[in-house]
Amino acid sequence: DAVQILNIDSTNIQPEHWLLMARTVKDNYEKYDGFVICHGTDTMAYTSSALSYLIQNSPKPIIITGAQKPISMEITDAKTNLLDSLRFAACPDAHGVCIVFNGKVIAGTRAKKLQSKSFNAFDSINFPVLATIRNNKIVHYVKESCPCSYPAFYIDINPRVFLLKLIPSIDPGVLENLADSYNGLILESFGVGGLPDYGNHEFAKVLEK
C-alpha cells in the first residue's frame with residue numbers, strides 16, 4: 001500500500017516533517033512488515049539520521065530511498081533503488097532505519113551524500129555498509145538481531161540546534177553569536193576532535209562560556 005504524506009522539494013525538509021514521517025510509521029506499524037519512504041536525495045541522509053532517533057530499535061525495517069534521476073526518464077536509477085528497497089524491506093533479517101541506494105544498505109545514522117550527480121551518491125561513514133544488493137540477491141555484511149520486539153517512538157524534536165563546521169581562522173565570536181539563537185551547538189571539528197588555540201586559548205574560553 002502507498003500513501004503520500006508530503007510533496008515538497010527535499011531542500012525544504014523541516015523537523016516537523018520528520019515527526020510526520022515517524023508518526024505515520026507509528027500509526028501503521030501493526031499493519032505492515034516493513035516500510036519504504038521515498039525521499040529527495042539532497043536531505044535524505046538528514047532524514048535517515050533523524051528517523052533513526054525518532055524510531056529506535058525497530059524490529060521491522062524502515063527503508064529510505066530516492067534517485068538521482070526521475071523515475072520517468074529513460075535512464076534512471078529510481079526503478080532499481082525502489083525495487084531494491086522493497087526487496088530489502090521484505091528480508092526477514094532487515095530491521096531498523098536505513099538507506100538503500102545504488103545497491104548499498106547503509107545504517108540510517110551513517111549515511112552521507114558524497115556525489116552530486118553519480119548514481120553512487122551515498123556511502124557509509126566510519127562504518128561498513130550493512131548489506132549489498134546485486135543481481136536480486138542480498139549479501140549481509142553486518143548482521144545483528146534486533147534486541148526489542150517493539151520500537152521506541154519519540155514525538156518531539158528541539159529544532160534549535162545548529163551544526164557549525166570549523167574552518168581555519170574561524171572567529172570564536174561566531175560561537176557567542178550562535179549561542180544567543182540556539183539551545184544546542186554541534187561543532188564539526190578538525191580530525192578526531194581538534195580545536196584551534198590561536199595561542200591565547202580564546203576558543204576554549206568561549207566554549208566554556
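These questions and answers cover a predicted model.

User: How many disulfides does the structure hold?
Analyst: A disulfide needs two cysteine sulfur atoms within 2.5 Å. For Cys 38, the nearest cysteine sulfur belongs to Cys 98, 14 Å away. For Cys 98, the nearest is that of Cys 91, at 10 Å. The number of disulfides is zero.

User: Is Cys 98 buried or exposed?
Analyst: Buried means under 20% relative accessible area. Cys 98 has a relative accessibility of 1%. Cys 98 is therefore buried.

User: Is Cys 38 buried or exposed?
Analyst: The cut-off for exposed is over 50%. The relative accessible area of Cys 38 is 57%. So Cys 38 is exposed.

User: Why is helix 2 described as largely enclosed by the rest of the structure, and how many of its residues are buried?
Analyst: Helix 2 spans residues 44-54. Its buried residues include Met 44, Ala 45, Leu 51 and Leu 54. Thr 47, Ser 48 and Ser 52 are also among them.

User: Which residues have the most contacts inside the largest nonpolar core?
Analyst: This core has 26 residues. The residues with the most contacts inside the core are Leu 51 and Phe 122.

User: Which residues is Leu 51 in contact with, leaving aside its neighbours within four places in sequence?
Analyst: Leu 51 is a buried residue of helix 2. Contact here means heavy atoms within 4.5 Å. With sequence neighbours within four places left aside, the partners are Trp 18, Met 21, Ala 22, Ile 37, Ile 64 and Val 97.

User: How many residues are in the second, separate core?
Analyst: Phe 88 and Ala 94 belong to this core. Val 100 and Ala 131 are also among its members. The second core has 13 residues.

User: Which are the edge strands of the open sheet?
Analyst: Six strands form this sheet, with mixed pairing. Their order is 1-3-4-5-8-9. An edge strand here pairs on one side only. The edge strands are strand 1 and strand 9.

User: What is the bridge partner of Val 36 in strand 3?
Analyst: Strand 1 and strand 3 run parallel. Four bridges join them. Within strand 3, Val 36 has as its bridge partner Ile 63.

User: What separates the C-alpha atoms of Asn 120 and Gln 68?
Analyst: Asn 120 sits in the loop between strand 6 and strand 7. At 35% relative accessibility, Asn 120 is partly exposed. Along the chain, Asn 120 and Gln 68 are 52 residues apart. Their C-alpha atoms are separated by 9.0 Å.

User: What is the phi of Ser 169?
Analyst: Most residues other than glycine have a negative phi. Ser 169 is not a glycine, yet its phi is positive. It lies in the loop between strand 11 and helix 4. The phi of Ser 169 is about 80°.

Methods
Residues are numbered from 1 along each chain as its sequence is written. This is a predicted model: local features need pLDDT of at least 70, side-chain atom pairs count only at pLDDT 80 or more; totals for chains, interfaces and linings use all residues. Side-chain values use heavy atoms; hydrogens and water are left out. Buried means under 20% relative accessible area, exposed over 50%, partly exposed in between (1.4 Å probe, protein chains only). Helices (H or I, at least four residues) and strands (E, at least two) are DSSP runs, numbered from the N terminus. A nonpolar core is a set of buried Ala, Val, Leu, Ile, Met, Phe, Trp, Tyr and Cys residues joined through side-chain atoms within 4.5 Å. Two strands pair if DSSP finds at least two bridges between them.
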